[in-house]
Amino acid sequence: MGIKDGKIKVLVIGSGAREHTIAWKLRNSPRVGAVFVAPGNAGTRSFATNVPVSAGDIPNLLRASLHYGIDLTVVGSEIPLAGGIVDKFQQAKQPIFGPTRSAARIESSKSFARELMQRANVPSPDFKIFKSYQEGYQFLSNHQNPVVVKADGLASGKGAFVCQDQEAAINALYDCMEDRIFGGAGSTVVVEEQLSGREISVFAFSDGEHVSSLTAACDYKRLLDGNRGPNTGGMGSFTPADVWSDELSTLVRTEMIEPIINALAESGSPYKGVLYAGIMLTEDGPKVLEFNCRFGDPETQVLLPTLNTDLVDIMFAVISGHLHEFDVDWGESASVGVVMASRGYPGEFRRGLLIHGLDTLDEDSLVFHAG
């Protein structure tokens, strides 16, 4: 299936800066001859072939993979993973990097993830699961402490409400379960204890049994300098995380990452892919805010440039179950990412504006296109 010089063809699924970064990293592998991105963006077009198929169109993504003779497909976002793209590709014997639909529930179902963490004794906030508004209302009416109200399903990163008082919590519950602002994703709601402390994003590869070395980054979410302005999807990130240490890495690995990988395997859903843990460093020790079934955005943009091990080798080791044979070297260099957005973001903003000056950047700077 490889191209004439023996190098492989890879397909990256997605259109954001995360996918641009993944495609760029794969293109720099000596094993890769051609990169395709579906649907891609203006940045990926400069070195890859953009394929006009949306990330959620699994049947046509599979057709494109077969048509172009793709040797490795890499899924960027959680939506196609939750939709079962890995299962479909595996049935067609097309190598693909990412967890199956059942394993991706670690992100696509907050209630599944919380119950799994509880069974695996993973340090995490106290929680309650509600399947009706009446049950949730009754609980919140007798609960005064700050909570986080989360829609159970995927809500494009907008399904969590940080509520400082009872009224805000009840309103969030109503929005999810009665007004259905997230559709079916809010038919079940998880109410969690609100934690405080520093947040870090931790990443590791797993082949369903083995876990690679870990790395960590911090993102910053507020729009403006000085931690001011509204929250966004992330205005940038940096690595290494200033609070990361060998001691913390060992703790996260043994008490959080490995137990959840083992629990998924024991449940019949072995996890193959990259696992992303959002962790809060509380006064009582680190606790898992959530697990995600893919690379983070904007963390990917700072982490992959520092990765020394060939990403293609890692991904094939994950797929084949031989990750333990590889030493994943995340590197020791520092990397900082800054997001530039159109005026008005994260609210209404102008689209389609020309970007100038990208050709004037120094050689230590990288540019990844976010849409």
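Mentor: Start with Gly 321: this glycine follows helix H11 and has a positive phi, near 85°. Keep in mind that we are looking at a predicted model.

Trainee: What makes Asp 310 a cap for the N-terminal end of H11?

Mentor: A side-chain oxygen of Asp 310 lies 2.8 Å from the backbone nitrogen of Val 312. A polar contact needs N or O atoms within 3.5 Å, so that distance passes. As for the helix itself, which covers residues 311-320, the buried ones are Leu 311, Val 312, Ile 314, Met 315, Ala 317 and Val 318.

Trainee: Which other residues have a positive phi although they are not glycines?

Mentor: Lys 93 has a phi of about 60°, and Asn 121 also has one of about 60°. Lys 93 sits in the loop between helix H4 (85-91) and strand E5 (96-97), while Asn 121 is in the loop between helix H6 (110-119) and strand E6 (127-130).

Trainee: Why is Lys 93 called exposed?

Mentor: Its relative accessibility is 70%. Exposed means over 50%, so Lys 93 qualifies. Asn 121, at 67%, counts as exposed by that cut-off too.

Trainee: And how do you know which peptide bonds are cis?

Mentor: Look at omega. The bond from Thr 239 to Pro 240 has omega near 0°, and the one from Tyr 345 to Pro 346 has omega near 10°; both are cis. Pro 240 belongs to the loop between strand E14 (236-239) and helix H9 (246-266), whereas Pro 346 is in the segment after E17.

Trainee: Why is strand E1 described as largely enclosed?

Mentor: Seven of the seven residues in E1, residues 8-14, are buried, so the rest of the structure largely encloses the strand. Ile 8, Val 10, Val 12 and Gly 14 point one way, with Lys 9, Leu 11 and Ile 13 pointing the other way, and all are buried.

Trainee: What makes E1 and E2 a pair?

Mentor: Pairing takes at least two bridges, and E1 has seven to strand E2 (residues 32-39), so they pair; the two run parallel. Lys 9, for one, stands opposite Ala 34 in E2. Together with helix H1 (residues 17-27), E1 and E2 make a right-handed β-α-β unit.

Trainee: Now the charges. Why is Glu 78 with Arg 294 called a salt bridge?

Mentor: The closest N and O atoms are 3.3 Å apart. The limit is within 4 Å, so the pair counts. Glu 78 is in helix H3 (residues 78-82) and Arg 294 in the loop between strand E16 (285-292) and helix H10 (299-303), 216 residues apart. Both Glu 78 and Arg 294 are buried. Salt bridges with shared partners also join Glu 78, Glu 107 and Arg 294 into one network.

Trainee: What other salt bridges can you show me?

Mentor: The count comes to ten, including Glu 192 with Lys 150 at 3.2 Å, N to O. Glu 192 lies in strand E9 (residues 189-193) and Lys 150 in strand E7 (residues 147-151), so this pair ties together parts 42 residues apart in sequence. Glu 192 and Lys 150 are both buried. Asp 219 and Lys 221 form another, with the closest N and O atoms 3.0 Å apart.

Trainee: Why does Lys 221 count as partly exposed?

Mentor: Its relative accessibility is 31%. Buried means under 20% and exposed over 50%, so Lys 221 falls in between.

Key
Residues are numbered from 1 along each chain as its sequence is written. This is a predicted model: local features need pLDDT of at least 70, side-chain atom pairs count only at pLDDT 80 or more; totals for chains, interfaces and linings use all residues. Side-chain values use heavy atoms; hydrogens and water are left out. Buried means under 20% relative accessible area, exposed over 50%, partly exposed in between (1.4 Å probe, protein chains only). Helices (H or I, at least four residues) and strands (E, at least two) are DSSP runs, numbered from the N terminus. A crossover is right-handed if, with the strands pointing away from the viewer, the path from the first strand over the helix to the second runs clockwise. A salt bridge is a side-chain nitrogen of Lys or Arg within 4 Å of a carboxyl oxygen of Asp or Glu. A polar contact is a pair of N or O atoms within 3.5 Å; within protein, one must be able to donate a hydrogen and the other to accept it, and residues adjacent in sequence count only if both atoms are side-chain atoms.
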